[in-house]
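Colleague: Could you walk me through this model before I set anything up with it?
Modeller: Gladly; here it is, and I will begin with a term that we will need.

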Amino acid sequence: LGDVYKRQVSEIIAKEQPLFDPDEFSSYIMSRLNLPPGSVKVIKDANMVIVYDKYKISEGGVEGAGPLASKLYSLYQEYIELRKKRM
């Protein structure tokens, strides 16, 4: 079979941008909910937004429970729909 089958993939290029941008989503919820400074943190390495050190929002959705979690989930859905329309 020789050298013909010894090929390697040296680079993978993503053609689509992820729908969830934590920096953009952070700004989106700050403006929509009028949250105080410091209440929202962006964890870039994890591609995540944390609200009040209690609610985690990522590409997978919202983690947490209660009225604020429900509101964050609604805003998450709105945000994802807006991103889909822009792409």
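Modeller: Buried means under 20% relative accessible area, exposed means over 50%, and partly exposed is in between, with a 1.4 Å probe and protein chains only. This is a predicted model, in which local features need pLDDT of at least 70 and side-chain atom pairs count only at pLDDT 80 or more, while totals for chains, interfaces and linings use all residues. Residues are numbered from 1 along each chain as its sequence is written, and side-chain values use heavy atoms, leaving out hydrogens and water.

Colleague: Which residues of H2 are exposed on the face turned away from its buried side?
Modeller: That face of H2 carries Pro67 and Lys85, which are exposed; helices here are DSSP runs of H or I with at least four residues, strands are runs of E with at least two, and both are numbered from the N terminus.

Colleague: And which ones are buried in H2?
Modeller: Ala69, Leu72, Leu75, Tyr76, Tyr79, Ile80 and Arg83 are buried in H2. They cover an arc of only 145° around the axis, which puts them on the same side of H2, the arc being that of the directions from the helix axis to the C-beta atoms.

Colleague: What covers them?
Modeller: The cover over the buried residues of H2 includes H1, E2, E3 and E4.

Colleague: Switching to the sheet, in what order do the strands come?
Modeller: The 4 strands form an open sheet in the order E1-E2-E3-E4, with antiparallel pairing, where two strands pair if DSSP finds at least two bridges between them. The edge strands, each pairing on one side only, are E1 (40-43) and E4 (61-63).

Colleague: How many bridges join E3 to E4?
Modeller: There are 3 bridges between E3 and E4, and Ser58 has Gly61 in E4 as its bridge partner. H2 packs on the sheet, where it touches E2, E3 and E4; contact means heavy atoms within 4.5 Å.

Colleague: What about the core, which residues touch the most other members?
Modeller: In the largest nonpolar core, which has 16 residues, they are Phe20, Phe25, Ile29, Val49, Val51 and Ile57. Such a core is a set of buried Ala, Val, Leu, Ile, Met, Phe, Trp, Tyr and Cys residues joined through side-chain atoms within 4.5 Å. H2 gives this core its largest share, 6 residues.

Colleague: And Leu82, where does that lie?
Modeller: Leu82 lies in helix H2 and is partly exposed, with a relative accessible area of 39%.

Note on methods: Axes fitted to C-alpha atoms, helices over the stretch in contact; angles between N-to-C directions.
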